Amino acid sequence: MTPEAIVLVLPGGTDISYAPSSWRSPSALRMYPFTGSVAARFGRRVAVHQVRYRVYGWNGGQNSPMPYARAALERMTQRHPGVPVHLIGHSMGGRVGAQLADDERVHGLLALAPWWQFADWRRIHDGVRVVAMHGTADTRTYPHRTERGIVELRERGLDATFIPVPDGGHAMLDHLFWWQRTALDFVSQALAGHDRGGL
């Protein structure tokens, strides 16, 4: 059975670090419930893969996670040619997602508390549906910056939505089911678009 959508799950990280990335890192562990719930809910309709980077940091102009994210995109699209790609990224993973969404094969991005550092949203190509969710009490990344990015994307004509989480923090441990439900709704809408021929 050919899947109707590819979902790449993009964990977070940190600004500067050359520590090897691990499947047991807090950033990876934080995203397994998203990966698992998408797989459990949608089964073979969705090919879901959680990306692992080589090191934990972004590391300035080295953009350390990007080669691994792009390699995962290539592998999944070669395995499932012509299937639209949707991204779910938290924190640094939201930044990875915005840069990866310059690729025409990407149709959707869910950015959870994204670390959009230098207007990364401007890299997103015009055909991408973007949902950004951010806790208003987040002090590690900035909800006002995320909202500004969504406003700018809407002004460009993209389907872009900002979801504020009142008093929500960065780790998504508050309002846990809301974060999870938003991810499942995001994928549901992607599949609905596929059924309508909109992808």
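**Close-up views of the predicted model**

View 1. With a relative accessibility of 33%, Tyr32 counts as partly exposed. This residue of the predicted model belongs to helix α1, which spans residues 26-42. Together with Trp23 and Leu29, Tyr32 makes a nonpolar surface patch of about 320 Å².

View 2. The model contains two aromatic pairs. The rings of Trp116 and Trp121 form a tilted pair, because their planes lie at 55°, with the centres 5.8 Å apart. Trp116 and Trp121 are both buried. Arg95 places its charged end over the ring of Trp58, 4.2 Å from the ring centre; the charged end of Arg95 also sits over the ring of Trp115, at 4.6 Å from its centre.

**View 3. The largest nonpolar core.** This core holds 36 residues, and those with the most contacts inside it are Leu8, Leu87, Trp116, Ile124 and Val130. Two or more residues each are given by β1 (5-10), α2, β3 (85-90), α3 (92-100), β4, β5, α4 (143-155) and β6 (160-165). Helix α2 supplies the largest share, five residues.

**View 4. The salt bridge between Glu4 and Arg45.** Among the seven salt bridges of the structure is that of Glu4 with Arg45, whose closest N and O atoms are 2.8 Å apart. The two residues are 41 positions apart and link distant parts of the chain, Glu4 lying in the segment before β1 and Arg45 in the loop between α1 and β2. Glu4 is buried, at 13% relative accessible area, whereas Arg45 is partly exposed, at 29%.

View 5. Asp102 and Arg70 form a salt bridge with an N to O distance of 3.2 Å. Asp102 lies in the loop between α3 and β4 and Arg70 in helix α2, 32 residues apart. Glu74 pairs with Arg105, the closest N and O atoms being 2.6 Å apart. Here Glu74 belongs to helix α2 and Arg105 to the loop between α3 and β4, a separation of 31 residues. Glu74 is partly exposed at 32% relative accessible area, as is Arg105 at 27%. Through shared partners, salt bridges join Glu74, Asp103 and Arg105 into one network.

Key. Residues numbered from 1 in each chain as written. Predicted model: local features only at pLDDT ≥ 70, side-chain atom pairs only at ≥ 80, totals over all residues. Heavy atoms only, no water. Patch = residues over 30% accessible without salt bridge, like charges linked within 9 Å, V, L, I, M, F, W, Y side chains within 5 Å. Areas by Shrake-Rupley, 256 points an atom, 1.4 Å probe, with all protein chains shown as cover. Salt bridge = Lys/Arg side-chain N within 4 Å of Asp/Glu carboxyl O. Helix = DSSP H or I, 4+ residues; strand = E, 2+ residues; numbered from the N terminus. Buried < 20%, exposed > 50% of the residue type's maximum accessible area, 1.4 Å probe, protein only. Phe/Tyr/Trp six-rings, centres within 6.5 Å; stacked < 30°, edge-to-face > 60°. Lys NZ or Arg CZ within 6 Å of the ring centre and 35° of its normal. Core = buried A, V, L, I, M, F, W, Y, C linked by side-chain atoms within 4.5 Å.
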